[in-house]
Amino acid sequence: MDIDDTEHTKKRSTNRLKLTTLFVAKAKAGEKRTRYYDTDAPGLVLIIESTGTKSWYMCYRRFGRPRWLRLERVGALGIADARDTVRKLKARLILNPDFDPQAEKSAHRKDMTVTDLIGCLTSAPTEQISGIT
């Protein structure tokens, strides 16, 4: 019985490409969550939920395990700002191995007062992330 080698050597599609504003605007939701990894800023991921919601995430490793940090929805944060944020956070991770952006975001959220929350909701979207950058 012959075995077709091409079927066993197929690589998994990883959706790695240089994300552009046009691509992000035209990307459509599928039946399942879809991830697009940016090749221009390693760690930046565009995730499109099956409902059509598009969000920017940063993927990084902490103690060998993958971690995901949601940055913001696509409409509230542009691709250039998302890349800049990921690069800054990755630099902090390299300089300080004990730094965990997800833990810092959670701690910042717990320490917020009602006044801080109102200020956060009325401020510009990039200012919301500035607390962890």
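Two strands count as paired if DSSP finds at least two bridges between them; strands (E, at least two residues) and helices (H or I, at least four) are DSSP runs, numbered from the N terminus.

**Ground rules.** I'm working with a predicted model, where local features need pLDDT of at least 70, side-chain atom pairs count only at pLDDT 80 or more, and totals for chains, interfaces and linings use all residues. Residues are numbered from 1 along each chain as its sequence is written, and side-chain values use heavy atoms, with hydrogens and water left out.

**Sheet.** I looked up the pairing first. Tyr37 stands opposite Val45 in β3. Strand β2 (residues 34-38) runs antiparallel to β3, over 4 bridges. I then traced the whole sheet: it is open, has 5 strands in the order β1-β2-β3-β4-β5, and its pairing is mixed. β1 (16-17) and β5 (65-73) are the edge strands, each pairing on one side only.

**Helix α3.** Next I checked the span: α3 has 17 residues and reaches 24 Å from first C-alpha to last, close to the 24 Å expected at 1.5 Å a residue (expected span is 1.5 Å times one less than the number of residues).

**Confidence.** Finally, I noted that pLDDT (the predictor's confidence in each residue, 0 to 100) averages 80 over the protein chain, with 78% of residues scoring at least 70.
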